[in-house]
Amino acid sequence: MFRKMPFILLAIILCAGWMGQWLPPFYQSILYAISLSIKAVIVFILPFVVFGLLFKTAVHLANKASKMILFILAAVCCSNFLSTLLSYSVGTFAYRFDLSMSFPQEGAALLPAWNFSFPKWIENDQAMFSGLLLGVFLGWLRPLWAKQVAFKLEKAINYLLKGILFVIPFFIAGFIVKMSHDQVMGYIFRNYALIFALIGSSVFAYIVLIYFVSNHCRGQACFQSLKNMLPAAMTGFGSMSSAAAMPLTILGTEKNAKSPDLARSIIPATVNIHLIGDCFAIPIFAFAVMKSFGSAEPAFSSYLIFAAYFVLAKFSVAAVPGGGILVMLPILEAYLGFNAEMLSLITALYILFDPVITCANILGNGGFALALENVSVFLSRSKTSHLGNLQESRPFES
């Protein structure tokens, strides 16, 4: 079912958008209330999901603490942050598009049949930092016990996320009915194709640039490197899972790299945390949705804070279709001011575009490994050169 989620969601959007206008207002109101209730449940349990996934990542890193792992981790953070900053430029460009919607007059908008919400038991940033710190601490102090706890948490979280994915169609359907009632569905179909094209062109242009530079600006070598990664990219496009395509990603990276051992160490460590496709798609979608709903464009200083939490949350993304956007919902709500309708729309857009995003993530991981190999070679040469200089200088020390 999960591999067919974009097609299921597209069918639901079309059906709800077309049939919603024929439903009596009472039933439309019920569907909208169901969507709001599902959203409340998702937001309530997401801090636990973020805590558990970050705890697992931190335990894994604590158990394999080495200069290589720390180097890869720092490089992942820098790459994700750079991609997120670049997406700010594309997002501000998208914000200039004529995406303003004509909303219904006061009193004409669809209202939910009921409203309820859960108490805020923990902030999302508190869940992030506590998961990281506790995972590192227990990973060093009680590694075997921490690994067992991390395994059980991951198992429970996988069940939760699969349950969330099953109700995502209902979560989306109610908001589609509301947008159809409020006469904004036609606008979305007319204008968001341009946003899809903008995201695709910008992220793949950036990925090609990574391969081009990593191949020392040689066009033929760049083309061959991308060709070697195509089987993995197409597998990711069909499965919407970077983890499922990981064996092919390793094989393609080994063909491109001079050191196959480096490829085998980088790809498994970064498959679910180095996500260039997400770093471009989610912020650009966010800018487009904000413009659509009349929200103010975020200042760069505010975007930097969002980007910092966004990059940190990348370490808690689950390897399931749609997992990239689910853990971002509280961050979008807290730092970009998203409301329930905006969260629903960006979730739908992300899942519809998930095959392309996953494809970009896989190609980005291959390019990241190739770039890291060049950096590693440079560092090793610098170290060798430094040692050689020291050895040459020793005879004169006395």
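User: Which residues are buried in helix 11?

Analyst: This is a predicted model. In helix 11, the buried residues are Y303, F306, A307, Y309, F310, V311, L312 and A313.

User: How many residues does helix 11 have, and how far does it reach?

Analyst: Helix 11 covers residues 300-313, which is 14 residues. From first C-alpha to last it reaches 19 Å, close to the 20 Å expected at 1.5 Å a residue.

User: Which aromatic cluster includes Y303?

Analyst: One made of Y88, F287, F300, Y303, F306 and F310.

User: How many aromatic pairs does the structure hold?

Analyst: There are 16. One of them joins Y88 and F287 edge-to-face, at 5.7 Å centre to centre with 75° between the planes. Y88 is in helix 3 and F287 in helix 10 (residues 276-292), so this pair ties together parts 199 residues apart in sequence.

User: Is Y88 buried or exposed? And why does F287 count as it does?

Analyst: Y88 is buried, with a relative accessible area of 13%. F287 counts as buried because its relative accessibility is 2%, and the cut-off for buried is under 20%.

User: What about Y88 and F300?

Analyst: They also form an edge-to-face aromatic pair. The centres are 5.1 Å apart and the planes make 65°. That pair links helix 3, which holds Y88, to helix 11, which holds F300, across 212 residues. F300 counts as partly exposed, at 40% relative accessibility.

User: Switching topic. Where does the charged end of K291 sit?

Analyst: Over the ring of Y95, 5.1 Å from its centre.

User: And S83, where does it lie? What does it touch?

Analyst: S83 lies in helix 3, residues 67-95. It is buried, with a relative accessible area of 0%. Leaving out residues up to four places away in sequence, S83 touches Y206, I276, C279 and F280.

User: How many residues are in the largest nonpolar core?

Analyst: It has 102 residues. Those with the most contacts inside it are I168, I195, V289, M328, L332 and F338. Helix 14 (residues 340-393) gives the largest share, 19 residues. A second, separate core has six residues, including F55, V59, L138 and A150.

User: What pLDDT does the chain average?

Analyst: The average is 81, and 83% of the residues score at least 70. Residues 102-107 fall below 50, and that stretch has four contacts beyond near neighbours in sequence.

User: Where else does pLDDT stay under 50?

Analyst: Over residues 381-398, where the model has zero contacts beyond four places in sequence. Where pLDDT is low, the predicted coordinates should not be read in detail.

How values were computed. Residues numbered from 1 in each chain as written. Predicted model: local features only at pLDDT ≥ 70, side-chain atom pairs only at ≥ 80, totals over all residues. Heavy atoms only, no water. Core = buried A, V, L, I, M, F, W, Y, C linked by side-chain atoms within 4.5 Å. Buried < 20%, exposed > 50% of the residue type's maximum accessible area, 1.4 Å probe, protein only. Helix = DSSP H or I, 4+ residues; strand = E, 2+ residues; numbered from the N terminus. Contact = heavy atoms within 4.5 Å. Expected span 1.5 Å × (residues − 1). pLDDT = per-residue confidence, 0-100. Phe/Tyr/Trp six-rings, centres within 6.5 Å; stacked < 30°, edge-to-face > 60°. Lys NZ or Arg CZ within 6 Å of the ring centre and 35° of its normal.
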